[in-house]
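Dear colleague,

I am handing over a structure that will be new to you, and I would be glad if you looked through it before reading my notes. The notes follow directly after it.

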Amino acid sequence: MPSRSALTRDLAEWLPRQRWFGGKDGPIDDLAIGTATQLRAGDPALHHLVLDVHQNGVTDHYQLLLGVRSDLPDRLRHVEIGGRSGRPDVRLYDAAHDPDLTRVLLAALAAGTSSGPLRFHHAPGAAIRTDLASLPITAEQSNTSLLFGDVYICKLFRRLSRGVNLDLEVNLALSRRGCAHVPAVHGWIELEPGPDARAGGPDAGPVTLGLLSDYLHTGANGWSLAIASVRDWFAHTPRPGDGEWAELDASAAGGDFAAEAERLGAATAEVHRALADAFGVTVLPAAEVGAMAARMNAELTGTCRDVPGLAPHAKALTGAFLDLAARAEPLAVQRVHGDYHLGQVLRTEGGWTLLDFEGEPARPPAERRALAHPLRDVAGMLRSFEYAARFLIAKPGTKPPEPGGRPETRAHAWAARNRAAFCRGYAAAGGADPAAHAVLIRAFEFEKAVYEVRYEARNRPAWLPVPLTSLAHLTA
């Protein structure tokens, strides 16, 4: 290994270029190695590091599997860290991309071993295979997931948070209750806090580092399925004499998604019931519901100031938030998904499966862990249908397939059909009927739309018409 000073210099240069690094908006003021644990000696060697990264008066903690080789194969050069760190015989790299070393994780999980402050756990009764090679999923933004054959997926949490990660906590609780709509948990990795394990602070509980669960290799992403349906609808040619109403009948296309949307609604309600059973339900007083409505309106005011295009909808949005405040009454709240959309669900041979219970990554851990009414998740999925309907219109370089008719008319028709189907399935499976809670669901959806407007204006201006156009329909 190189000296710590040489290693930290290389890491400070390498880290900001990684997709999962959350501090790209400013320079690194200081970087230190919080913990360093050797998991495998020899060549190649494997070290587990927790990096303490100081930026703008705040310290974040990142997990790194550091590989060390005397000679780096071509297949790993794209993840090399630094140069030679002052030693020509040492090559450093991100070992999450090295199947020769990630097998160490499987072996430790199967055995339930400990290495320094690291603890490897397997779920009761789990028999973890150790003969599988890994392949990283490169599309993720904030974490790194490894596929082990077609059997397991291991999510490595890059940016660490205090305590047990929500994704582990929720999936483990639901797995133990036999919930059919989440992947079964086989094991997890955690960091015990202590004098040399500062990622969670001296008073924090174990910090979750990784989660091993079933890989649903037959699963199809909900977003991809929805986009295929929208594409088919845009390409659908009405029959002669059908009239203008044909542009509104999204069921006419061969790839109709409504039946799947209804099944997804039912699966969502079943997961919400399982979450209530696992973690309980509490009641939010009416005064706090009113305060929640006031926060929604304050966010609207700030967003209108920053994004003038939202201003034409402000009166209707404010009206929805005022309606919620005026009718504020005690509200049952519980654990929910927290960041629910079509990209968080898979359609498998056995039905719909829900993924990634971490909540919105940009929010602080306390906000992600906060209880909410289940209709907040429903509102998130309704917004996702609005996005899917307009993806082919908004994405640069794409356009709806011909003949298509008026794209926005068809987009609205597709979204309306699938929104209704999802809500129908949710209510039929025992969830709170959105139609019977119109004031609440409308406020939640408008709150999410305001968030989308701000996000798109800052990050994807070409997508800003998606939430604005959908609001034109919803506030009419």
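**Helices across the sheet**

Helix 2 (residues 99–111) lies across strand 6 (118–122), strand 7, strand 8 (143–148), strand 9 (152–157), strand 11 and strand 12, and runs at about 65 degrees to strand 6. Here helices (H or I, at least four residues) and strands (E, at least two) are DSSP runs numbered from the N terminus, contact means heavy atoms within 4.5 Å, and axes are lines fitted to C-alpha atoms, for helices over the stretch in contact, with angles from 0 to 180 degrees between N-to-C directions. This is a predicted model, in which local features need pLDDT of at least 70 and side-chain atom pairs count only at pLDDT 80 or more, while totals for chains, interfaces and linings use all residues. Residues are numbered from 1 along each chain as its sequence is written, and side-chain values use heavy atoms, with hydrogens and water left out.

Helix 3 (residues 166–176) lies across strand 9, strand 11 and strand 12, at about 150 degrees to strand 11. The open sheet has 7 strands in the order 5-6-11-12-9-8-7, with antiparallel pairing (two strands pair if DSSP finds at least two bridges between them). Its edge strands, each pairing on one side only, are strand 5 (114–115) and strand 7 (134–137). Strand 11 (residues 185–191) and strand 12 (residues 207–214) are joined in the antiparallel sense over 6 bridges, and E190 stands opposite T208 in strand 12.

**The core and its rings**

The structure holds 13 aromatic pairs, where rings of Phe, Tyr and Trp (its six-membered ring) pair if their centres lie within 6.5 Å, and planes under 30 degrees apart count as stacked, over 60 as edge-to-face and the rest as tilted. The rings of F385 and F422 have centres 6.0 Å apart and planes at 65 degrees, so this pair is edge-to-face; it links distant parts of the chain, F385 in helix 9 and F422 in helix 10 (residues 407–428), 37 residues apart. F422 is buried, with a relative accessible area of 0% (buried means under 20%, exposed over 50%, partly exposed in between, with a 1.4 Å probe and protein chains only).

With kind regards
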